[in-house]
Amino acid sequence: MKNKLLSKQIKTVLLLALCAMFFTTVAGGLLSGCGNKTGDGEKTMPAISGGQEAEKTPTPTTADMEDNPEEKLEISVAALKGPTAIGMTRLMEETENGNTTNDYKFTIAGAADEITADIVKGNIQIAAVPCNLASVLYNRTEGKVQVAAINTISVLYILETGENINSVEDLRGKTIYSTGKATTPEYTLNYLLRAAGLDPEKDVTVEYKSEASEVAALLAESDSAVAMLPQPFVTVAMTQNEKLRIALDVAEEWERFSDDGSSVVTGVVLINREFAMEHKEAVDAFLAEYQASTQYVTENVDAAAELVEKYDIVKAAVAKKAIPYCNIAFIEGEEMQKRISGYLNVLFGQEPSSVGGALPGEDFYYSR
């Protein structure tokens, strides 16, 4: 009865803290207040005097708006609750205050499937999504989307109650609790184990749970459990059991074994190819502003945590502890391509469908 109670309490804490980046199905909505300076959903039009003259005045086209610096191009931007959206919060505030080059309309979704249809249709021009989903959508749309930057490296960590695990090799003979069966967490763990000379089928026991809250409950009750969890669940679990410690950073371990410059890539910035071709200056302006936003978030954790709560991504107290471990980044160009291509190769080798059945071509990578 005690265990069931504890598990229920932790689930409540987790659900209040965050609709999980990977596992939640809570419906995301359009963030209030993230529009243009007037606060409504309309573009601001030039003032017109005289009724007859108004009838003759044509509505400005997108080209007119880009030629006139006083007009802002409206761009639909989406992200998922969790680390993929945290780095965007400063940009959200700047948009709300009217300080951005263009007018960004933000949607924060609870799960990727809430926004994929609109990405495919072109209704969402820019999105922060899981890396493998970007590859899946590239294949599904026959190259109509591109990846412009890495915004989140790995958010996975190995936790333990004790001081026994200091390398992947130390996992030999252990039972590891995790989520993400038949998804990227499983493929990532398998890669690390094999790289360290361990057989995932023989040298360790991996027990996959359907929810991260189940894993957190096991960690709270045990003095010897080992688990792999994503942020911010790591932070929440550690508040429930002071004996827990981060034993391994999955991103660091991956890069230790990698000889091709790849790394775990959790989230990327995806753009609509046609939109980028028609409005390259606008896309490049967004990327510059987004890069500044990620830098602000990582360098001003306290202030960023307040923004994270303001935009209903996660509570400030959790964000303040989690941000330093969320590996928020902005990586583009050749380094981006090297990291992503190596990561997708590993996923493809274990399960081709995880990247859409084929590795993306060179045109998958956007450069400004």
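**View 1. Helices H8 and H11 are oblique to each other.** Oblique is the class left over once angles under 35 degrees (roughly parallel), over 145 (roughly antiparallel) and 65 to 115 (roughly perpendicular) are set aside. This is a predicted model, in which local features need pLDDT of at least 70, side-chain atom pairs count only at pLDDT 80 or more, and totals for chains, interfaces and linings use all residues. Residues are numbered from 1 along each chain as its sequence is written, and side-chain values use heavy atoms, without hydrogens and water. H8 spans residues 184-195 and H11 spans residues 250-257. Their axes come within 10 Å and cross at roughly 45°. The crossing is left-handed.

**View 2. Residues of H8 meet residues of H11.** H8 supplies Thr 188, Tyr 191, Leu 192 and Ala 195. H11 supplies Val 250, Glu 253, Trp 254 and Phe 257. By class, this contact (heavy atoms within 4.5 Å) has 6 nonpolar, 1 polar and 1 charged residues.

**View 3. Asn 272 lies in strand E11.** The strand covers residues 267-272. Asn 272 has 13% relative accessibility, so the residue counts as buried (under 20% relative accessible area, with a 1.4 Å probe and protein chains only). Leaving aside neighbours within four places in sequence, Asn 272 is in contact with Ile 119, Gly 122, Gln 125 and Lys 144.

**View 4. The side chain of Asn 272 reaches the backbone nitrogen of Glu 274 and that of Phe 275.** For Glu 274, the distance is 3.1 Å. For Phe 275, the distance is 2.9 Å.

Methods. Axes fitted to C-alpha atoms, helices over the stretch in contact; angles between N-to-C directions. Helix = DSSP H or I, 4+ residues; strand = E, 2+ residues; numbered from the N terminus. Left-handed = near helix turned anticlockwise from the far one by under 90°. Nonpolar A, V, L, I, M, F, W, Y, C, P; charged D, E, K, R; others polar. Buried < 20%, exposed > 50% of the residue type's maximum accessible area, 1.4 Å probe, protein only. Polar contact = N/O pair within 3.5 Å; in protein donor to acceptor, adjacent residues only side chain to side chain.
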